[in-house]
Amino acid sequence: MRTLYIKSNDAGQRLDKFLSKAVKALPKSLMYKCIRTKKIKVNRKRTEIGYILNEGDSVELFISEEFFADAAVEESFMKLTPHLDIIYEDENILLLDKKPGLIVHSDDSEEINTLISHVKAYLYRNGEYNPVNEQSFAPALCNRIDRNTGGIVIAAKNAEALRVMNDKIKNDELSKFYLAAVHGRLPKKSDTLTGYLRKNSDNNIVDIIQTPRPGYKEIITKYRVIDEKSDLSLVEVELVTGRTHQIRAHFSSIGHPLLGDGKYGINRDDKKLGYKFQALYAYRLEFRFKASGTALDYLNGKVFYADRDKIWFLKEFK
């Protein structure tokens, strides 16, 4: 028998979600059976799978010791020297300026040199995160941007900040603005583009059509032209919806692909000029909360910017 005590980073989640992270070797089917047969209790009482844990609760597990075999703590990020461009930091969140070429999470091509690994390494070195002391939480990114897109990414340092920020994003209480350099001159200096997008997971590409069709999701993209030079336009883009590759594919669909975009444009000439990445940067973030009463209320009304001097394609408009 073992007892797990609920800490602040464990609270606020369902019992089964907590157990799936805290006792990874316990199969879900057996976990549910143990809850039903009172081999797993909360505060020494029978409980339900969906019970929401509170800080200070005790979870008693009358199960075999084999399920508690201590797994080796993942140490890859502990050995990493963190390199972060921090726009803003407090006790709850980090706002980071991710550079093009850096992936946010691990994939088949990269496991260690990722944005989230650098975040964990940074917090570990600062004494704000140690996986040995956590049962079910790890610092996490609240939003993501493509490997070859630069800009602002939000990282949560604790579980409460992660829950609040995810809710705010889900409820459309953050506004994200991008700068993009597109080929050609747009017929309107500002406009709201609409369309319908479908993702093909096999080749990680999307296609856009102008009328509804089963399997396609509506997209809305606002833009305004900031500057024009030769055959390029600098636009500020606001995402009303946030779909995969939305900005890149949407501008390509109207005949104005992004500078340097090899997936949705023909960029042979762009490559000759040295443009390896699409000219897209998430440069501005606004917090505009509709409701209060959360641990992040102090962020409401604040606006944050990436350093324009680090947005590489702006040199085209000087």
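Which residues form one aromatic cluster? The cluster consists of Tyr88, Phe287, Phe289 and Phe304. This is a predicted model, in which local features need pLDDT of at least 70 and side-chain atom pairs count only at pLDDT 80 or more, while totals for chains, interfaces and linings use all residues. Residues are numbered from 1 along each chain as its sequence is written, and side-chain values use heavy atoms, with hydrogens and water left out.

Rings of Phe, Tyr and Trp (its six-membered ring) pair if their centres lie within 6.5 Å; planes under 30 degrees apart are stacked, over 60 edge-to-face, and the rest tilted. The count by this rule is nine aromatic pairs. One of them joins Trp312 and Phe313, edge-to-face, with 5.2 Å centre to centre and 85° between the planes. Trp312 has 23% relative accessibility and so counts as partly exposed, whereas Phe313, at 0%, counts as buried (buried is under 20% relative accessible area, exposed over 50%, partly exposed in between; 1.4 Å probe, protein chains only).

Phe289 of the cluster also has the charged end of Lys168 over its ring, 4.5 Å from the centre. A charge sits over a ring if NZ of Lys or CZ of Arg is within 6 Å of the ring centre and within 35 degrees of the ring normal. The charged end of Arg284 sits over the ring of Phe177, 3.9 Å from its centre.

Helix H3 spans residues 115–125 and is mostly covered, with eight of its eleven residues buried. Among them are Leu115, Ile116, Val119 and Tyr122. Helices (H or I, at least four residues) and strands (E, at least two) are DSSP runs, numbered from the N terminus. After H3 comes Gly127, with a positive phi near 75°.
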